[in-house]
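Please consult the sequence and the model shown here before reading the briefing that follows.

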Amino acid sequence: MKNNSKFSLNKLAAALSIGVVTAVGVIPTQAEAQVTFRNAISGEVIDFSFGKKGEETEAVKHFKSTAENLYNGDEEAIKMGEDLFATACSGCHGHNLEGKLGPALGDDYWTYTQGRTDKGIFEIMYDGARSMMGPQRNNLSIDEMLHVMAFIRSSYWGKPENALWIPEEQRAEFEPAEMPEEFKEAMEEFNKRNK
Ligand code: HEC
């Protein structure tokens with residue numbers, strides 16, 4: 001009788017632990033669920049095996065599974081992103097994102113509307129767009145790109161409602177950055193010429 005009850009307890013424990021194992025088995029599958037990233041022009045699925053090797057940081061893992069950038073709003077990451085941007089992007093996009101050879105990146109006008117989401121801007125950066133906008137995957141690791149993106153978003157001067165990388169419920173409270181002088185001047189010049 002005593003033995004029997006012990007046996008059934010063991011059986012119960014075994015059954016429970018199978019339950020737990022099963023539950024644990026489900027968790028990693030969910031965490032590994034990957035977002036499908038696509039080339040901004042062709043729509044072809046991006047293969048991550050060719051780019052510059054970098055650490056699979058928490059931010060990289062999180063981004064690959066959710067398309068959410070953990071560096072957004074992180075002062076230190078933004079500072080590092082600014083330095084990377086100055087080296088890798090500012091020659092064509094301007095130091096203050098005002099645009100040069102390439103378009104401004106801090107306004108809310110996008111050639112590729114998907115640039116309003118973090119998934120979309122990443123796809124453009126990683127795999128390139130047209131003409132001089134080549135893929136950046138050999139210049140920057142994914143972690144570095146996430147830093148650059150955080151810098152770009154921190155300088156945004158467009159309308160809050162077009163800031164689609166911000167969760168909808170937080171968008172109304174979002175305060176855009178100030179429009180840089182260089183962009184104001186370029187707009188005035190453009191308006192004069194197009195009168
Ligand atoms: C050699 C010049 C050059 C460099 C370097 C460069 N870009 Fe570009 N970029 C361009 C041009 C030109 C376009 C317009 C391409 C098009 O319309 O297809 C562009 C387009 C883009 C767009 C799409 C803008 C829109 O309105 O849809 C994004 C985003 C972008 N670049 C981000 C970056 C970032 C971030 C970097 C640095 C990691 C970078 N670019 C480096 C020239 C450059």
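What share of the contacts in the protein chain with a separation of 6 or more comes from residues 24 or more positions apart? Such residues account for 64% of those contacts, two residues being in contact if their C-beta atoms, placed from the backbone, lie within 7 Å. This is a predicted model, in which local features need pLDDT of at least 70 and side-chain atom pairs count only at pLDDT 80 or more, while totals for chains, interfaces and linings use all residues. Residues are numbered from 1 along each chain as its sequence is written.

**Overall composition**

- The protein chain has 8 helices and 0 strands, where helices (H or I, at least four residues) and strands (E, at least two) are DSSP runs numbered from the N terminus.
- Of its 195 residues, 23% count as buried; a residue is buried if 20 or more other C-beta atoms lie within 10 Å of its own, exposed if 12 or fewer, and partly exposed in between.

**Helix H3**

- The 14 residues of H3 should span 20 Å at 1.5 Å a residue, and the end C-alpha atoms are 20 Å apart, in agreement; the expected span is 1.5 Å times one less than the number of residues.
- Ala77, Ile78, Gly81 and Phe85 of H3 are buried.
- Viewed down the axis of H3, these buried residues fall within an arc of 95 degrees, so they line one face of the helix; the arc is that of the directions from the helix axis to the C-beta atoms.
- An α-helix has 3.6 residues a turn, so residues three or four places apart point the same way.
- Glu75, Glu76, Asp83 and Thr87 are exposed on the face of H3 turned away from its buried side.
- Helix H4 (90–93) and H6 are among the elements that cover the buried residues of H3.

**Packing against helix H6**

- The axes of H3 (residues 75–88) and H6 (residues 142–154) come within 7 Å and cross at roughly 100 degrees; axes are lines fitted to C-alpha atoms, for helices over the stretch in contact, and angles run from 0 to 180 degrees between N-to-C directions.
- H3 is therefore roughly perpendicular to H6, a term for angles of 65 to 115 degrees.
- H3 contributes Ala77, Ile78, Met80, Gly81, Glu82, Leu84 and Phe85 to this contact, and H6 contributes Glu144, His147, Val148, Ala150, Phe151 and Ser154.
- The residues of the contact of H3 with H6 comprise 8 nonpolar, 3 polar and 2 charged; Ala, Val, Leu, Ile, Met, Phe, Trp, Tyr, Cys and Pro count as nonpolar, Asp, Glu, Lys and Arg as charged, and the others, Gly among them, as polar.
- The axes of helix H2 (residues 58–66) and H6 come within 9 Å and cross at roughly 80 degrees, which means that H2 is roughly perpendicular to H6.
- Ala59, Val60 and Phe63 of H2 meet Ile142, Asp143 and Leu146 of H6, a set with 5 nonpolar, no polar and 1 charged.

**Residues with positive phi**

- Most residues other than glycine have a negative phi.
- Leu97, which is not a glycine, has a positive phi of about 65 degrees; Leu97 is found in the loop between H4 and helix H5 (118–127).
- Leu97 counts as buried because 23 C-beta neighbours lie inside 10 Å.
- Ser131, in the loop between H5 and H6, has a positive phi near 45 degrees.
- Ser131 is exposed, with 8 other C-beta atoms within 10 Å.

Terms used: Parallel < 35°, antiparallel > 145°, perpendicular 65-115°, else oblique.
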